[in-house]
Amino acid sequence: MMNGQRQGIVVWLTSLKFARQLRRFGNVHYVSKKMKYVVFYCNQDQIEETMEKLRSFHFVREVKPSMRPFIKTDYQNAKPDKAKEYDYKMGI
């Protein structure tokens with residue numbers, strides 16, 4: 001399960017007592033007790049089947065995938081400013 005690309009899924013539940021059942025679909029990363037949602041990761045090639053299975057459960061309110069794998073992370077201005085870099089070396 002740990003090999004390959006992974007993608008996050010956020011599942012909002014009607015009750016948190018069903019959060020334990022989501023462990024069979026992937027690795028549970030976070031459970032919010034206040035807002036009643038679970039964040040877990042599964043293989044990216046199985047994301048559609050997993051989301052359809054989750055939507056069929058009576059205790060699931062909403063299912064949304066994470067868009068992080070599709071966001072560009074190469075930024076245009078990735079080089080630090082020379083003046084700021086000098087200030088950091090001085091300890092200001």
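Is Lys 64 buried, exposed or partly exposed? In this predicted model, Lys 64 has a relative accessibility of 43% and therefore counts as partly exposed. The side chain of Lys 64 meets that of Glu 62 in a salt bridge, with a distance of 3.5 Å from N to O. Glu 62 is likewise assigned to the partly exposed class, because its relative accessible area is 37%. Side chains of opposite charge can pair when their charged atoms come close.

The count of salt bridges comes to 2. Besides the pair of Glu 62 and Lys 64, a salt bridge is formed between Arg 55 and Glu 52, whose closest N and O atoms are 3.1 Å apart. Both Arg 55 and Glu 52 belong to helix H1, which spans residues 47–55. They are separated by 3 residues, about one turn of the helix. Arg 55 is partly exposed, since its relative accessibility is 41%. For Glu 52 the corresponding value is 48%, so this residue also counts as partly exposed.

A nonpolar patch on the surface is formed by Met 67, Phe 70 and Ile 71. Together these residues have about 340 Å² of accessible area. Phe 70 is located in the loop that runs between strand S4 (60–65) and helix H2 (82–90). With a relative accessible area of 56%, Phe 70 is classed as exposed, because the cut-off for that class is over 50%.

Empty space was examined next. Rolling a probe the size of a water molecule over the atoms shows where empty space is left. The largest pocket has a volume of about 170 Å³. Its lining consists of Arg 6, Gln 7, Gly 8, Ile 9, Val 10, Val 39, Tyr 41, Ser 66, Arg 68 and Pro 69. Strand S1 (6–13) and strand S3 (37–43) are the elements that give two or more residues to this lining. The most is given by S1, which provides 5 residues. By residue class, the lining of the largest pocket divides into 5 nonpolar, 3 polar and 2 charged residues.

Note on methods:
Residues are numbered from 1 along each chain as its sequence is written. This is a predicted model: local features need pLDDT of at least 70, side-chain atom pairs count only at pLDDT 80 or more; totals for chains, interfaces and linings use all residues. Side-chain values use heavy atoms; hydrogens and water are left out. Patches are made of residues with over 30% relative accessible area and no salt bridge: like charges are joined within 9 Å, nonpolar side chains (Val, Leu, Ile, Met, Phe, Trp, Tyr) within 5 Å. Accessible areas come from the Shrake-Rupley method with a 1.4 Å probe; for residues, only the protein chains shown count as cover. A salt bridge is a side-chain nitrogen of Lys or Arg within 4 Å of a carboxyl oxygen of Asp or Glu. Helices (H or I, at least four residues) and strands (E, at least two) are DSSP runs, numbered from the N terminus. Buried means under 20% relative accessible area, exposed over 50%, partly exposed in between (1.4 Å probe, protein chains only). On a 1 Å grid over the protein atoms alone, a cavity is a set of points where a 1.4 Å probe fits but cannot get out, and a pocket is an open set with protein on both sides within 12 Å along at least five of seven lines; lining residues have an atom within 4 Å of a point. Grid points are joined across faces, edges and corners, and a volume is the space filled by probe spheres set on the points. Ala, Val, Leu, Ile, Met, Phe, Trp, Tyr, Cys and Pro count as nonpolar, Asp, Glu, Lys and Arg as charged, and the others, Gly among them, as polar.
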